[in-house]
Every structure is written in structure tokens, then in C-alpha cells.
Amino acid sequence: MAFVTRQFSRSFSSSQALHHTIKHVTVIGGGLMGAGIAQVAASTGHSVVLVDTSADILNKSAKGIENSLKRVAKKKFAEKPEDGEAFVQKVLKNVSTSTDAASVVHGTDLVVEAIVENLKVKQDLFGALDKVAPEHTIFASNTSSLPIADIASCTARLDRFGGLHFFNPVPMMKLVEVIKTPATSQQTFDALLEFSKALGKHPVSCKDTPGFIVNRLLVPYMLEAVRLHERGHGSKEDIDVAMKLGAGYPMGPFELLDYVGLDTSKFIIDGWHAKDPDNPLFAPSPLLNKLVSEGKLGKKTGEGFYKHK
Ligand SMILES: NC(=O)c1ccc[n+]([C@@H]2O[C@H](COP(=O)([O-])OP(=O)(O)OC[C@H]3O[C@@H](n4cnc5c(N)ncnc54)[C@H](O)[C@@H]3O)[C@@H](O)[C@H]2O)c1
């Protein structure tokens with residue numbers, strides 16, 4: 001078990017901590033994002049506890065992490081498979097699992113939450129953890145669309161609360177958006193930037209505004225592509241080809257919508273539209289709504305804008 005470095009004296013409040021190295025991380029939510037975050041943190045020498053609601057889910061998450069690590073090791077240690085196996089085992093030793101977040105946060109420097117995208121559920125989780133986590137522990141949410149300040153509002157550690165927005169698939173994607181609310185202390189923000197770098201990621205600083213940077217640009221762009229198609233300006237195939245060959249994007253907007261999930265995209269745009277109904281960039285799309293109502297959610301259901309095998 002890695003030792004935690006906590007360099008702050010009793011005469012300083014936790015928000016005035018001189019220096020804070022994040023070594024022990026609790027990741028809540030062992031789904032797509034949480035498992036990826038746990039894998040990357042463990043691979044970079046952090047001690048990680050992964051939390052979810054059932055042992056079954058955690059077994060699946062652990063198996064997923066192991067398989068993903070094996071793929072990494074196969075590439076990284078192509079010449080020396082035995083070193084690859086040692087790497088996998090070493091990383092796996094850094095990860096443990098639990099179904100009880102409250103009982104594992106006592107020794108943690110950072111809680112990263114990657115549970116269901118629901119404000120009330122996230123608030124309930126952080127509200128409960130706030131009562132049992134040590135003073136110095138930083139809380140961070142991986143939310144894609146909810147204001148960090150709203151999630152943090154149920155805790156008494158507003159200065160030690162920020163956003164860490166990772167991208168899917170976490171082991172591959174280099175970017176982390178680090179989000180500072182008006183109440184996040186500079187020390188907390190710096191610790192989150194340092195942590196992102198320690199994971200081998202490239203952090204960018206964001207304000208706590210809808211969609212931060214990437215989704216704020218990407219979601220209206222994808223929706224505008226759907227509107228363009230709805231207005232009869234081009235087939236989805238032509239629009240995808242145009243953006244790949246003309247703008248150099250690796251995927252067209254319809255391919256990307258299928259990859260992200262049509263339900264996820266609809267959820268995000270509906271949330272923004274509810275808050276800012278006059279903004280035409282956030283207008284809902286009848287075609288997107290129709291496909292979601294038919295259960296055509298993209299790659300994960302086998303069909304979205306395209307059919308997937
Ligand atoms: N999927 C993406 O591309 C993506 C990208 C960036 C951010 N996000 C955000 O990350 C978060 C998780 O997304 P995901 O795609 O990994 O979802 P997911 O459905 O794959 O995983 C969520 C996990 O959280 C668990 N969970 C739910 N409530 C819990 C609770 N109270 N305590 C512990 N575990 C709980 C679920 O059992 C599930 O395993 C969301 O906030 C989402 O907006 C998603």
C-alpha cells in the first residue's frame with residue numbers, strides 16, 4: 001500500500017495546505033469511465049479503491065481492467081511477454097474494490113466520482129462522504145453535463161471540490177478538463193492539475209460552464225449536423241465524409257453520435273435547453289428524439305444513425 005503524503009501543519013486549514021500530493025485515490029463507479037480512471041491511476045503508481053454498488057459489477061470492472069492492461073502490455077512489451085505479465089500483476093496489486101464507499105475513504109487523498117449522470121444521486125453520495133472523509137480529501141466529479149457547483153453544494157468542502165472530466169476510452173484519450181468553480185481553492189485546483197499530469201494526461205483549465213470546453217463545442221456541432229440533414233442539405237454519409245476529408249476530423253458527426261450514444265447526447269442537449277431555452281445551439285432535434293424513442297441509441301444497441309454489427 002502506497003503511503004500518503006500529507007504535508008500540512010495543524011496551524012493551516014486544509015484549504016491552506018502547503019503542498020498536497022495525491023497518492024491514494026477512491027474511484028466511485030466501476031462503469032465505462034470509472035474502470036478506465038482506476039486503471040490509469042493504478043498504472044501510474046497510485047493506490048486505488050474502486051467502488052460500485054455490487055460485487056458482480058466490480059468483478060466485471062476488475063476483469064475489464066485486467067483485459068485492457070493485457071492489451072497494453074502486449075503492445076508495450078511485445079519483445080518480452082514475461083515483463084508484460086509482471087507489469088499487469090504489479091498494476092493489479094494497486095487496485096482493490098469495495099461496495100461501501102464510506103468505509104474506504106478514511107485514508108484517501110482524492111475521491112473521483114463517475115456514477116450515473118443524476119444530480120440528486122451524485123449529491124447524496126458526496127453529502128454522505130463529506131461526513132466521513134478526512135479534512136484534506138479532495139472531491140472531484142467526472143460529470144459531462146452537470147454543474148460542479150451544484151454537485152458540491154451538498155458538502156461543506158466547497159474549496160476542496162472540483163471537476164476532473166476524462167474522455168472515453170480513458171486509457172487512450174490524453175485530455176482531462178480540470179474544472180474550477182468560484183469556490184474551488186487554488187491549492188485544490190493545482191493538486192488536480194498535478195494529479196492529471198501524474199496520470200500521463202494533458203490537463204486544460206475550464207470554468208464551471210455547461211459542457212466545459214469539448215462538449216460545449218462538440219454537442220452543438222453534432223446537433224447542427226443532424227439539423228443540416230433534417231433540412232435536406234446532405235445525406236448523413238456525405239456530411240460524415242465531408243467533415244472527415246474536408247475538416248480532417250477522424251469521425252464524421254453521425255459516426256461520433258453513434259459512438260457517444262444518442263441517449264447521452266439527447267440527455268445533454270435537453271438539460272442545456274431546459275436552462276437556456278432561447279439558445280438556438282441548444283435546440284432539441286426531432287430526428288434525434290425519434291431515434292432515441294425507438295431505442296436506436298448507437299453502437300451500444302447495434303443501431304443509431306447507422307447499423308452496427
Ligand atoms: N461515457 C462517456 O463517454 C463519458 C465521458 C465523460 C464523462 N462521463 C461521465 O462519467 C459518469 C459515468 O459515466 P459512465 O459512462 O462510466 O457510466 P456507466 O453507466 O458505464 O457506469 C456508472 C457506474 O456507476 C455505478 N453507480 C451508480 N450509482 C452508484 C452509487 N451511488 N455508488 C456507486 N456506484 C454507483 C453503476 O453501477 C455503474 O457501474 C457520468 O457522470 C458521465 O456523464 C461519461
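Predicted model: local features only at pLDDT ≥ 70, side-chain atom pairs only at ≥ 80, totals over all residues.

Modeller: By class, the shell around the ligand has eleven nonpolar, nine polar and two charged residues.

Biologist: Which residues come nearest to the ligand?

Modeller: A residue is near a molecule or strand if its C-beta atom, placed from the backbone, lies within 6 Å of it. There are 22 residues around the ligand, and Gly-29, Gly-31, Met-33, Ser-144 and Asn-168 come nearest.

Biologist: Which helices each supply at least two residues of the shell?

Modeller: Helix H1 (32-43) and helix H5 (119-132) do. The largest share, three residues, comes from H1. Helices (H or I, at least four residues) and strands (E, at least two) are DSSP runs, numbered from the N terminus.

Biologist: Why is strand E4 called largely enclosed?

Modeller: A residue is buried if 20 or more other C-beta atoms lie within 10 Å of its own, exposed if 12 or fewer, and partly exposed in between, with C-beta atoms placed from the backbone. Five of the five residues of E4 (residues 47-51) are buried, so the strand is largely enclosed by the rest of the structure. Ser-47, Val-49 and Val-51 cover one side, and Val-48 and Leu-50 the other.

Biologist: How do you know that strand E3 and E4 pair?

Modeller: Two strands pair if DSSP finds at least two bridges between them. E3 (residues 24-28) and E4 have five bridges, in the parallel sense, so they meet that definition. Thr-26 stands opposite Val-49 in E4.

Biologist: What is the order of the strands in the open sheet?

Modeller: The eight strands run E5-E4-E3-E6-E7-E8-E9-E10, with mixed pairing. Strand E5 (95-98) and strand E10 (202-207) stand at the edges with a single partner strand each, so one side of each has no neighbour in the sheet.

Biologist: How many bridges join strand E9 to E10?

Modeller: Six bridges join E9 (residues 175-180) to E10, and the two run parallel. Val-178 has Ser-205 in E10 as its bridge partner.

Notes: Residues numbered from 1 in each chain as written. Nonpolar A, V, L, I, M, F, W, Y, C, P; charged D, E, K, R; others polar.
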